[in-house]
Amino acid sequence: MIDTKKYKTSLEKELKLLEDEMKKIARKNPSNPNDWEPVESEMNADTADSDEVADEMENFGENASILSKLEGQYDDIKIALDKIKNGTYGKCEVGGEDIPEKRLEANPAARTCIKHAK
Ligand SMILES: [Zn+2]
């Protein structure tokens, strides 16, 4: 039996950190709180020239790609926390076998054993 308490604590901490990171570059979709959308950085329209607009566009694309990465991690952690609640935490999603605790300690959001990791 694995001690899910310690994993829950570190998962919740990680979730909080990720959310803080995501808040810098995105906002929650008002009509779907599980969905995040990238935002453009603040821009002063009065002083913006075409170069700055180009920078902003680049910035927006960068934010979107960072966001999708963070969102992936965020979802994995959410799934892991759900599993703790449902009592299925620590099982490989592919083979159903126990994930070694060493792996969970390194990555509490791991969804598969090492053999079945993509
Ligand atoms: Zn497996």
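In what order do the elements of the protein chain run from the N terminus on? They follow the pattern α-β-β-α-α, and the secondary structure comes to three helices and two strands. Please keep in mind as you look around that this is a predicted model.

**Overall form**

Let's start with the whole chain. Its C-alpha trace spans about 60 × 25 × 25 Å along the principal axes. The radius of gyration is 19 Å, whereas a compact globule of 118 residues would have one near 13 Å. Buried residues account for 26% of the 118 residues. The chain exposes about 8,300 Å², with carbon and sulfur atoms supplying 50% of that area. Of the contacts between residues at least 6 apart in sequence, 50% join residues at least 24 apart.

**The zinc site**

Now find the zinc ion. Its protein donors are Cys 92 (SG), Glu 97 (OE), Cys 113 (SG) and His 116 (ND1), at 1.9 to 2.3 Å from the ion. Along the chain these donors show the spacing C-x4-E-x15-C-x2-H. Cys 92 sits in the loop between α2 (50-86) and α3 (101-106), while Cys 113 belongs to the segment after α3; this pair, 21 residues apart, links distant parts of the chain.

| Residue | Relative accessible area | Class |
|---|---|---|
| Cys 92 | 4% | buried |
| Cys 113 | 8% | buried |

Why does Cys 113 count as buried? Its relative accessibility is 8%, and buried means under 20%.

What is the geometry of the zinc site? The site is irregular, with angles of 84 to 126 degrees among the four donor atoms. A tetrahedral label would need all angles to lie between 85 and 135 degrees.

Conventions:
Residues are numbered from 1 along each chain as its sequence is written. This is a predicted model: local features need pLDDT of at least 70, side-chain atom pairs count only at pLDDT 80 or more; totals for chains, interfaces and linings use all residues. Side-chain values use heavy atoms; hydrogens and water are left out. Donors are N, O and S atoms within 2.8 Å of the metal (3.2 Å for Na, K and Ca); water is not among the atoms, so sites may look incomplete. Four donors count as tetrahedral if all angles lie between 85 and 135 degrees; four count as square planar and six as octahedral if opposite donors are over 155 degrees apart and all others between 65 and 115; anything else is irregular. Helices (H or I, at least four residues) and strands (E, at least two) are DSSP runs, numbered from the N terminus. Buried means under 20% relative accessible area, exposed over 50%, partly exposed in between (1.4 Å probe, protein chains only). The radius of gyration is taken over C-alpha atoms; the globule rule is 2.2 Å times the number of residues to the power 0.38. Contact means heavy atoms within 4.5 Å. Accessible areas come from the Shrake-Rupley method with a 1.4 Å probe; for residues, only the protein chains shown count as cover.
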